[in-house]
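Colleague: I'm new to this one. Walk me through it, please.

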Amino acid sequence: MVDAATAAAAQPPPSASPSFSYLAVFSNCPLVAAVLAFAIAQTIKVFTTWYKENRWDAKQLVGSGGMPSSHSATVTALAVAIGLQEGFSSSLFATAAIFASVVMYDAFGVRLHAGRQAEVLNQIVYELPSEHPLAETRPLRELIGHTPPQVFAGAVLGFAVATFTGMMAGLGNSG
């Protein structure tokens with residue numbers, strides 16, 4: 001049992017508290033890796049749309065769906081960077097890995113099927129007669145999920161970004 005005097009002595013004096021800096025966020029390797037992986041994945045989507053459809057689509061920078069999965073890239077980069085920083089046997093890494101698994105499963109499971117249902121519903125509405133009250137309904141978003149290859153590509157990208165970011169930050173070195 002710790003008494004109040006011992007607890008008070010263990011507290012650093014107010015003048016010794018760390019100073020606040022907005023730039024400190026850039027030294028948070030897991031955060032930097034996750035944001036960088038997201039940005040790279042979204043940028044790649046613009047180029048894959050250009051390659052496949054021969055048109056530039058800036059909406060891909062903020063849209064969901066497509067190759068590679070930015071959700072997978074983000075959560076994989078976060079989990080791997082946490083593993084490099086905290087250790088792969090830490091409970092924080094375990095939490096991040098489970099979180100990444102749930103997000104990736106959702107991306108190619110629930111969200112993919114919701115997108116496919118949106119396609120069917122949009123087709124039904126399109127075929128309605130013009131006098132039907134739902135004929136002028138705004139179409140549902142169809143590209144909200146990912147195929148397994150898109151999820152896998154996002155995970156590979158996230159792993160690569162986290163590994164590179166970790167190397168730049170000097171994480172994972174035992175010596």
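Modeller: One term to begin with: helices (H or I, at least four residues) and strands (E, at least two) are DSSP runs, numbered from the N terminus. With that, take residues 88–108. The span is 86% helix and 0% strand. Its end C-alpha atoms lie 26 Å apart.

Colleague: And what about residues 151–171?

Modeller: There the span is 90% helix, again with 0% strand. The end C-alpha atoms are 26 Å apart.

Colleague: How many helices and strands does the protein have?

Modeller: It has 6 helices and 0 strands. From the N terminus, the order is α-α-α-α-α-α.

Colleague: What kind of model is it?

Modeller: It is a predicted model: local features need pLDDT of at least 70, side-chain atom pairs need 80 or more, and totals for chains, interfaces and linings use all residues. Numbering runs from 1 along each chain as written, and side-chain values use heavy atoms, without hydrogens or water.

Colleague: What's the average pLDDT?

Modeller: The protein averages 80 for pLDDT (the predictor's confidence in each residue, from 0 to 100). At least 70 is reached by 73% of the residues.

Colleague: Which elements have the lowest and the highest mean?

Modeller: Helix H1, residues 4–10, has the lowest, at 57. Helix H3 has the highest, at 95.

Colleague: Tell me about H3, then.

Modeller: H3 covers residues 70–86, which is 17 residues. From first C-alpha to last, H3 reaches 24 Å. Just after H3, Gly87 takes a positive phi of about 105°.

Colleague: Which residues of H3 are buried?

Modeller: Buried means under 20% relative accessible area, exposed over 50%, partly exposed in between (1.4 Å probe, protein chains only). In H3 the buried residues include Ser70, Ser72, Ala73, Val75, Ala77, Val80 and Ala81. Over the whole protein, 31% of the 175 residues count as buried.

Colleague: What do the buried residues of H3 pack against?

Modeller: Three helices: H2 (29–53), H4 (91–108) and H6 (148–169).

Colleague: Pick a serine. Why does Ser72 count as buried?

Modeller: Because its relative accessible area is 0%. Ser72 sits in H3. Beyond residues up to four places away in sequence, Ser72 touches (heavy atoms within 4.5 Å) Met104, Val151, Gly154 and Ala155.

Colleague: Ser70 next. Buried or exposed?

Modeller: Buried, because its relative accessibility is 2%. Ser70 is in H3. Leaving aside neighbours within four places, Ser70 is in contact with Phe38, Ala41, Gln42 and Lys45.

Colleague: New topic. Which residues make up the largest nonpolar core?

Modeller: A nonpolar core is a set of buried Ala, Val, Leu, Ile, Met, Phe, Trp, Tyr and Cys residues joined through side-chain atoms within 4.5 Å. The largest has 10 residues: Ala33, Ala37, Ala41, Ala73, Ala77, Val80, Ala81, Leu157, Val161 and Ala162. H2, H3 and H6 are the elements that give two or more residues to this core. H3 gives the most, with 4.

Colleague: Last one. What share of the contacts join residues at least 24 apart?

Modeller: 70%, among contacts between residues at least 6 apart in sequence.

Key:
Expected span 1.5 Å × (residues − 1).
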